[in-house]
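Here are a few notes to read alongside the model.

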Amino acid sequence: GFPVHQTGDCGPDSTGTPAGAAGGHFNPLTSPHGALSAVRTDRHAGDLGNIEVGPDGRAVGTRVDSVLAFTGPTSMIGKAVMVHAGRDDLESQPSGAAGDRVACGVIVSGATE
C-alpha cells in the first residue's frame, strides 16, 4: 500500500507502532477508503493504491491524482507518505488491510522563502 497519511510525523505513536504518529489515511473529505481510480467522494484523498518494490528495495513510479493538491483542504504538504508491507485491497475499511508501516516520509514544499 502507498497512501498519504494525516500528519507529517513519522515517529512512533503512544503504543510504539512505527510511524504510528502519522495517523490514518489523509481523509479531509470524510470519504470511504477506495481505489485511486474512484471518484473523489468514494476514496480518501490519501488513497494512492499500490506500488511494486523491487528486490533492491526500490520502487519507481508516477501517480497522477485529481484529489490531492498542493494548497487548500486536500493539500498533501505537511502530510506523511507511507509504504505498507502488504498490498492495499482497495476495499477494506478504513485503510485497505495493507499491513505494517515499513517506510515513511514527510511531504514538504520545494518552495524557498
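1. The sheet. Three strands form an open sheet in the order E1-E2-E3, with antiparallel pairing. Its edge strands are E1 (4–5) and E3 (101–106), each of which pairs on one side only. Strands here are DSSP runs of E with at least two residues, helices are runs of H or I with at least four, and both are numbered from the N terminus. Two strands pair if DSSP finds at least two bridges between them.

2. How to read the numbers. Please keep in mind that this is a predicted model, where local features need pLDDT of at least 70 and side-chain atom pairs count only at pLDDT 80 or more, while totals for chains, interfaces and linings use all residues. Residues are numbered from 1 along each chain as its sequence is written, and side-chain values use heavy atoms, leaving out hydrogens and water.

3. E1 with E2. Strand E1 and strand E2 (residues 80–84) are joined in the antiparallel sense by two bridges. Val4 has Val81 of E2 as its bridge partner, and His5 stands opposite Ala80 in E2.

4. E2 with E3. On this side, five bridges join E2 to E3, and the two run antiparallel. Val81 turns up again here, with Gly105 in E3 as its bridge partner.

5. Buried means under 20% relative accessible area, exposed means over 50%, and partly exposed lies in between (1.4 Å probe, protein chains only). Across the protein chain, buried residues make up 32% of the 113 residues.

6. The loop between E1 and E2. Val64 is found in this loop. With a relative accessibility of 73%, Val64 counts as exposed. Val64 and Val102 are 38 residues apart in sequence, and their C-alpha atoms are 23 Å apart in space.

7. The chain as a whole. The protein chain has zero helices and three strands. Its radius of gyration is 13 Å, close to the 13 Å that the globule rule gives for 113 residues, so the chain is as compact as a globular protein of that length. This radius is taken over C-alpha atoms, and the rule is 2.2 Å times the number of residues to the power 0.38. Along the principal axes, the C-alpha atoms fill a box of roughly 35 × 35 × 30 Å.

8. Contacts. Of the contacts (heavy atoms within 4.5 Å) between residues at least 6 apart in sequence, 50% join residues at least 24 apart.
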